[in-house]
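Hello,

Here is the structure I promised to pass on to you.

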Amino acid sequence: MNWKKDVGGWLLASPYVLAATVFFLIPLGWSLSLVFYDWNLIDPVRQFVGLENFRTAFTTSRVLYAFVNTYKYAAIFVPSVVVAALVLALIVQHLPRLKQFFAVGFFLPYLASGVAVGLVVRGILSYDSPFNEFLRATFGSSPRWLRDPTLALVVISAMIVWKFAGYYALIFLAGLQGIPRELYEAACLDGAGPFVQFRRITLPLLYPAFYTVLVLAVGLCFGIFTEPYVLTGGGPRFATHTWQLEIYYQAFDRYRAGYGATVAVLNAVATFVSVLIIRRVVEAWGVRRGFR
Amino acid sequence: MLMAFGLLSAAQVVEITFWTAPNPSQEVFWRQMAEAYMAINPNVKIVVSPMPEVPTSEAGILAAIAARTPPTASENIFIGFGEQLARSKAIVPWNTLPGWDNLVQNRAMNQTIEGWKFADGNYYIIPLYVNAMLIGWRLDILRELGYSQPPRTYSEVLAVGEVVKAKYPGKFVWLRSELEVPTWWQRWFDFFVFYYAASQGKALITGREITADDQAAIGVLQFFKTLRDRKFLITEPLATGFELGRTVMTVLGPWTFPWWRENYPELVYGQTFVVTPPPVPDAYPAEKPVFTFADAKGVVLYAQATPAQRQAMWEFIQWVFSNPAHDLKWIEITGMLPARDDVGTNALFTSYIQEKEPALLPYAQNIPYALPPFAHPEFVEIQELMGLECIYPVLVGELTPARGWDAWKRAIRPLLVK
């Protein structure tokens with residue numbers, strides 16, 4: 001009987017196991033083996049270089065830019081997307097009707113093609129766009145949106161916030177809907193205003209949603225690719241360069257499979273450590289404030 | 001008996017594959033060639049398909065070689081990538097095959113082929129087309145400004161800039177937003193064009209040595225910077241510049257003309273625009289030819305093919321390139337010029353160009369002065385560093401042109417000795 005149950009379970013899980021093996025485990029093992037080689041995918045001889053790829057990665061400015069920029073993206077993106085998602089969730093929560101309609105509407109940017117959105121944004125910010133024409137007519141000049149290092153970083157971060165705010169808002173919305181109405185009614189009877197209710201009831205009880213959104217948002221910063229690829233190519237002067245752009249550049253522009261795999265492994269380590277740190281920080285904050 | 005005969009016949013048919021550039025018109029040309037060849041050679045089956053772009057055509061070829069599924073031959077290979085394939089012994093030198101000299105002779109490539117010699121003295125690529133990169137000028141706007149012909153030198157371009165800005169403050173001389181982007185291949189369409197013009201075609205890199213004309217390179221950088229400082233050059237993204245008359249100059253390849261015919265029929269060669277070689281330094285002798293960069297690609301034969309497939313492909317390639325009518329067909333279908341020495345002089349080509357696409361005439365005439373990319377396996381990083389270490393810092397004023405040029409040379413030296 002148990003044997004039959006196990007077979008059924010394995011059969012049901014087999015599509016996932018197969019997909020994970022083919023598209024995750026085998027490539028992962030392949031990448032881990034490549035990090036010790038200098039190889040362009042076609043040379044009959046793979047040159048064993050030991051830890052040379054790691055030494056190069058630790059000493060090149062390109063990887064350093066990717067590493068530092070990820071935290072710059074995080075510094076802009078994480079607080080912005082949390083606030084935006086929370087505001088959207090609160091708006092939808094307090095709508096008298098058509099909640100689902102608006103929730104789905106805010107989620108749609110998440111489904112939009114990053115390349116298509118990038119091209120639209122590039123059009124909006126191009127020198128001759130109506131928006132920039134208006135700025136020049138009103139203020140005498142228009143910003144160099146994608147050519148100024150700081151502005152380019154902000155523009156790309158804003159695009160990602162736009163894309164993910166609706167998605168994270170759904171997580172907050174689920175959290176908000178799980179808060180019992182009685183708590184607010186009791187607080188109201190005690191004379192608590194909306195702000196106090198939000199601070200004393202909503203925020204603490206949304207802690208699990210905050211935890212999820214923060215971890216997802218920080219992890220996402222290590223996977224940014226499409227937006228800078230379409231808009232800036234990582235420039236100006238590496239100001240918007242990311243881990244994924246570096247992996248792509250090494251693997252597909254320079255055909256350095258071994259070194260590209262090395263950067264990918266370092267990216268995975270940096271992501272793991274950063275997510276671990278943010279988890280610990282959020283958990284400690286939750287414990288200190290009594291949310292956990 | 002009949003079955004045995006059928007099996008024998010099937011065994012004698014050699015199947016070869018040919019990958020074309022991911023460009024529909026090029027695919028049409030090669031399909032027509034393959035069908036015509038198979039009609040007279042029933043023992044050869046040629047499968048023509050566009051090469052995969054995952055995410056680039058070069059990466060697609062590498063992936064196919066790694067997976068041991070490359071075609072027998074493909075086009076769309078430029079000399080830098082060819083150098084990388086040759087170093088990995090993934091392609092076969094054409095000149096080791098019998099009849100190579102005849103092919104060079106028959107296709108009138110004696111002069112053209114010299115730019116395609118690899119460091120080991122072999123020819124791994126048969127050049128297919130050469131697109132000299134020239135400069136398009138808005139003749140209608142220049143006439144409005146009082147000019148009857150486009151400027152030839154840097155000073156003349158700057159003078160045009162002054163007049164453009166005085167009459168039309170919202171217009172620019174040149175839109176080149178990619179100048180601030182380090183993408184390696186973009187250098188083919190800005191710095192290389194102007195550098196070859198200024199240096200009389202002096203090679204930037206020869207083998208492992210930097211052989212550039214420093215004075216010419218620094219002059220080009222200074223020219224770019226002056227254009228930008230005076231707001232004659234716009235480096236910000238702009239949807240359309242030249243076509244809508246927002247700029248008067250553009251670096252122009254012949255592949256643009258079919259697109260213009262579709263989308264900007266008002267752009268008529270000789271009326272609204274003309275094409276010239278790139279601007280040169282003021283001291284450049286007027287009687288000397290002006291060199292430029294050539295967007296040039298060719299055909300390679302992959303080493304993984306069997307001897308029978310190589311032989312069959314070689315015979316097909318000889319058949320394609322030994323008949324000038326096929327090169328004329330190439331022009332008709334793709335709008336690009338074949339890599340032949342006589343494309344600007346052979347009546348077969350010039351009469352067609354004059355009648356059907358006169359804008360191609362300057363391209364044909366400039367083929368002898370159009371130089372392909374340099375051959376070095378580190379071409380990607382070398383050209384990317386040009387944007388990062390040199391052009392961008394010079395444009396934004398972080399470095400003088402001379403210091404920017406030195407910075408690039410310093411940065412690439414370790415790559416050259418690899």
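**A sheet in chain B, and what lies around it**

In chain B, strand E6 (residues 134–138) and strand E11 (residues 247–252) pair in the antiparallel sense, with four bridges between them. Please keep in mind as you look that this is a predicted model. E6(B) is also joined by four bridges to strand E12 (residues 273–276) of chain B, and that pair runs antiparallel as well. One more pair to look at is B:Trp137, which stands opposite B:Val274 in E12(B).

Is E6(B) mostly covered or mostly open? It is mostly covered, as five of its five residues are buried.

Stepping back, these strands belong to an open sheet of five strands in chain B, in the order E10-E7-E11-E6-E12, with mixed pairing. Strand E10 (233–234) and E12 of chain B each have a single partner strand, so they stand at the edges and one side of each has no neighbour in the sheet. Helix H7 (residues 154–167) of chain B lies across strand E7 (172–175) and E11 of chain B, and runs at about 115° to E7(B).

**The nonpolar core**

The largest nonpolar core has 196 residues. Among those with the most contacts inside it are A:Ala85, A:Phe172, B:Val173 and B:Leu337. From chain B, this core takes at least three residues from each of domain 1 (2–132 + 294–359) and domain 2 (135–292 + 375–416). In soluble globular proteins, nonpolar side chains tend to be buried together.

**Where the chains meet**

How many residues of chain B are in contact with chain A? There are 24 on the chain B side, and they contact 21 residues of chain A. Helix H3 (57–66) and helix H15 (379–395) of chain B each supply at least two residues of the side that touches chain A. By type, that side of chain B divides into 15 nonpolar, five polar and four charged residues.

**Backbone details worth a look**

Most residues other than glycine have a negative phi, and most peptide bonds are trans.

- B:Asn76 is not a glycine, yet has a positive phi of about 70°. This residue lies in strand E3 (residues 73–77) of chain B, and B:Asn76 counts as buried because 23 C-beta neighbours lie inside 10 Å.
- B:Lys89, also not a glycine, has a positive phi of about 55°. B:Lys89 sits in the loop between helix H4 (79–87) and strand E4 (91–92) of chain B. With 12 other C-beta atoms within 10 Å, B:Lys89 is exposed.
- A:Gly235 and A:Pro236 are joined by a cis peptide bond, with omega about -5°. A:Pro236 is found in the loop between helix H11 (226–231) and helix H12 (243–253) of chain A.

I hope this helps you find your way around. Do write back with any questions.

Best wishes

How values were computed. Residues numbered from 1 in each chain as written. Chains lettered and ligands numbered in written order. Predicted model: local features only at pLDDT ≥ 70, side-chain atom pairs only at ≥ 80, totals over all residues. Buried ≥ 20, exposed ≤ 12 C-beta atoms within 10 Å, placed from the backbone. Contact = placed C-beta atoms within 7 Å. Nonpolar A, V, L, I, M, F, W, Y, C, P; charged D, E, K, R; others polar. Pairing = 2+ DSSP bridges. Core = buried A, V, L, I, M, F, W, Y, C linked by C-beta atoms within 7 Å. Domains from an automatic or database assignment. Axes fitted to C-alpha atoms, helices over the stretch in contact; angles between N-to-C directions.
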